[in-house]
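Look through the sequence and the structure below before reading on. The report that follows takes the parts of the chain one topic at a time.

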Amino acid sequence: MVTARLYVEGGGDSKQLKSQCRRGFREFIEKAGLQGRMPRIVACGGRQQAYDSFATALAAGTSTPMLLVDAEGRVKDASAWEHLRKRDGWPRPGGAHENHCHLMAQVMESWFLVDRRTLRTFYGPEFHEKPLPSNPRIEQIAKADVLDGLARATRNTSKGPYDKGPTSFAILAEVDPSKVERSAPHAKRFLDTLRAGGPG
């Protein structure tokens, strides 16, 4: 059974948005075949808060913590920790190994690009997918291009152009994780770690 506590970037400062963040990740992970083996999801708000909360939990030794944050850029290092050290200046906390740290590359919204059926269903007939980046290797698509493509594809819909916040977590809850992990190696690594029982 997974006993991990997952510290995720997202949810801002409001209790309601943190709840929506937890729900989005919970439903995404459950659909990956992890019902009954779910980590406890902690919506931390910003990236720094997620890292700090993870490091505190690891030092306390009271749970098996995992960290999940946006890569915020192309990942060139084999080690997620090394990527975060170079990009954010975050040292690997003492006692942390590779399976404690996971990345959404380049951002969570990258995952949405591979499930256009869900986007069409969510946004309705005014959704136009042509502006979305077409590279099937979604982790190579720059963050700015992902977000710009989503905004332009949805700008004429009744829900309005895509923006971070409640909309992002509502879509995450509907996205097919099997499509995501086929196109996003870091997402597959994250889900495989949970399937194996957590970081160990």
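## Strands and their partners

Two strands count as a pair if DSSP finds at least two bridges between them. The model described here is predicted. In strand E3, the bridge partner of Leu 6 is Met 66. Another such position is Ala 4, which stands opposite Thr 64 in E3. Strand E1 covers residues 4-8 and strand E3 covers residues 64-70; the two run parallel and are joined by five bridges.

E1 also pairs with strand E2: four bridges join them, and these strands too run parallel. Here Tyr 7 stands opposite Val 42, and Val 8 stands opposite Ala 43. With partners in E2 and in E3, E1 is mostly covered, and four of its five residues are buried.

## The sheet as a whole

In what order do the strands of the open sheet stand? The order is E2-E1-E3-E4, four strands with parallel pairing. E2 and strand E4 (101-104) stand at the edges and have a single partner strand each, so one side of each has no neighbour in the sheet. Neighbouring strands of the sheet are turned against each other by 25° on average, with direction ignored.

In a regular strand, the side chains alternate between the two faces of the sheet.

Which residues of helix H1 are buried? They are Leu 17, Lys 18, Cys 21, Gly 24, Phe 25, Phe 28, Ile 29, Ala 32 and Leu 34. Seen down the helix axis, these buried residues fall within an arc of 150°, so they line one face of H1. An α-helix has 3.6 residues a turn, so residues three or four places apart point the same way. On the other side of H1, Lys 15 and Gln 16 are exposed.

H1 is followed by Gly 36, which has a positive phi, near 85°. Pro 39 lies in the loop between H1 (15-34) and E2 (40-43). Is Pro 39 buried or exposed? Residues under 20% relative accessible area count as buried, and Pro 39 is buried because its relative accessibility is 6%. Pro 39 and Leu 132 are 93 residues apart along the chain, and their C-alpha atoms are separated by 32 Å.

Most residues other than glycine have a negative phi, and most peptide bonds are trans. Glu 72 is not a glycine, yet its phi is positive, about 65°. Glu 72 is found in the loop between E3 and helix H3 (80-88). With a relative accessible area of 18%, Glu 72 is buried.

Which two residues does a cis peptide bond join? They are Ala 105 and Gln 106, and omega is about -5°. Gln 106 lies in the loop between E4 and helix H4.

## A glycine between two helices

Gly 124 is found in the loop between H4 (116-123) and helix H5 (143-154). With a relative accessible area of 21%, Gly 124 is partly exposed. Gly 124 and Ile 171 are 47 residues apart in sequence, and their C-alpha atoms are 13 Å apart in space.

## The two largest pockets

The largest pocket has a volume of about 220 Å³. It is lined by 16 residues, of which Glu 9, Gly 10, Gly 11, Lys 164 and Phe 169 are the closest to its centre. By class, the lining of the largest pocket has four nonpolar, seven polar and five charged residues.

The second largest pocket has a volume of about 180 Å³. Its lining has 14 residues, and the closest to the centre are Val 75, Glu 139, Gln 140, Pro 185 and His 186. The lining of the second largest pocket divides into five nonpolar, five polar and four charged residues.

Terms used
Residues are numbered from 1 along each chain as its sequence is written. This is a predicted model: local features need pLDDT of at least 70, side-chain atom pairs count only at pLDDT 80 or more; totals for chains, interfaces and linings use all residues. Side-chain values use heavy atoms; hydrogens and water are left out. Buried means under 20% relative accessible area, exposed over 50%, partly exposed in between (1.4 Å probe, protein chains only). The arc is that of the directions from the helix axis to the C-beta atoms. On a 1 Å grid over the protein atoms alone, a cavity is a set of points where a 1.4 Å probe fits but cannot get out, and a pocket is an open set with protein on both sides within 12 Å along at least five of seven lines; lining residues have an atom within 4 Å of a point. Grid points are joined across faces, edges and corners, and a volume is the space filled by probe spheres set on the points. Ala, Val, Leu, Ile, Met, Phe, Trp, Tyr, Cys and Pro count as nonpolar, Asp, Glu, Lys and Arg as charged, and the others, Gly among them, as polar. Axes are lines fitted to C-alpha atoms, for helices over the stretch in contact, and angles run from 0 to 180 degrees between N-to-C directions.
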